[in-house]
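Let's take a look at the salt bridges in this one. Which residues pair up, and where do they sit?

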Amino acid sequence: MVYDLPQIDGVDWEVAHRFLTNQDMLKNALCDFVRTAAKQTSELISYREQLEQDPTADNFATFRIRAHAMKSALRSIGSELYEEAFSLETAGRNENIDVISEYTDLFCKEYMSLAARLKVITGDVDSGIDFDHGLFLEKISEIKKSMESFDINALQEAYRVIQDMATPAEFEEEMNKLSVAVRDLESEQVIASCDVLEGMPI
């Protein structure tokens, strides 16, 4: 086995190893997944409801971005549920409200079920902290500096703090972009998203 971890139904550790090449990185990702699962799913369902009431291009884009972020999280930990997230992301891109309406709730139920199974490894984790704008800006600055110096450990630690915050709803789209950029170490997008988030009013 690539990792010294119990087998979890629906997860392939060898696939996870392609994205997260040591066990500490994987465990951090698993804790992040479990910690944010309820928020991710509740907001995806909210975006689905918003789409059903007002199927605009902007609302489809918001849904697609969240589905993409969830897909990336699933792929990085080797979950086969990645394919379902990809289908929802594609539905958002193609503005297919029928697929979104039919499959979002089932996907979210499976996502939460996976998070529950992963607690065998992570244990119970804190669901998050209140939003502190001063601390948020401090960590955004740290993320930029860490990305510029390519200090990956410092980057991930700073990002984990803001990821756990209950950020304002208007931050969500840029936070999703930052999440993907941090995971993929896309330095230009990390810096660009940080610049946007630093300038956003509260």
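## Ground rules

Here, buried means under 20% relative accessible area, exposed means over 50%, and partly exposed is anything in between (1.4 Å probe, protein chains only). A salt bridge is a side-chain nitrogen of Lys or Arg within 4 Å of a carboxyl oxygen of Asp or Glu.

This is a predicted model, so local features need pLDDT of at least 70 and side-chain atom pairs count only at pLDDT 80 or more, while totals for chains, interfaces and linings use all residues. Residues are numbered from 1 along each chain as its sequence is written, and side-chain values use heavy atoms, with hydrogens and water left out.

## A buried pair

There are 13 salt bridges in the structure. One of them joins Arg-66 to Glu-172, with the closest N and O atoms 2.6 Å apart. Arg-66 belongs to helix α3 (residues 57-76) and Glu-172 to helix α8 (residues 172-184), so this pair ties together parts 106 residues apart in sequence. (Helices are DSSP runs of H or I, at least four residues, numbered from the N terminus.)

Both ends are tucked away: Arg-66 is buried at 1% relative accessible area, and Glu-172 is buried at 6%. The two are also part of a salt-bridge network with Lys-39 and Glu-43.

## Around helix α6

Glu-142 and Lys-139 form a salt bridge at 3.3 Å, N to O. They sit three residues apart in helix α6 (residues 133-149), about one helical turn. Glu-142 is partly exposed at 29%, whereas Lys-139 is buried at 15%.

Lys-144 pairs with Asp-195, the closest N and O atoms being 2.8 Å apart. Asp-195 is in helix α9 (residues 187-198) and Lys-144 in helix α6, so the bridge ties together parts 51 residues apart in sequence. Asp-195 is partly exposed at 39%, and Lys-144 is buried at 17%.

Key. Helix = DSSP H or I, 4+ residues; strand = E, 2+ residues; numbered from the N terminus.
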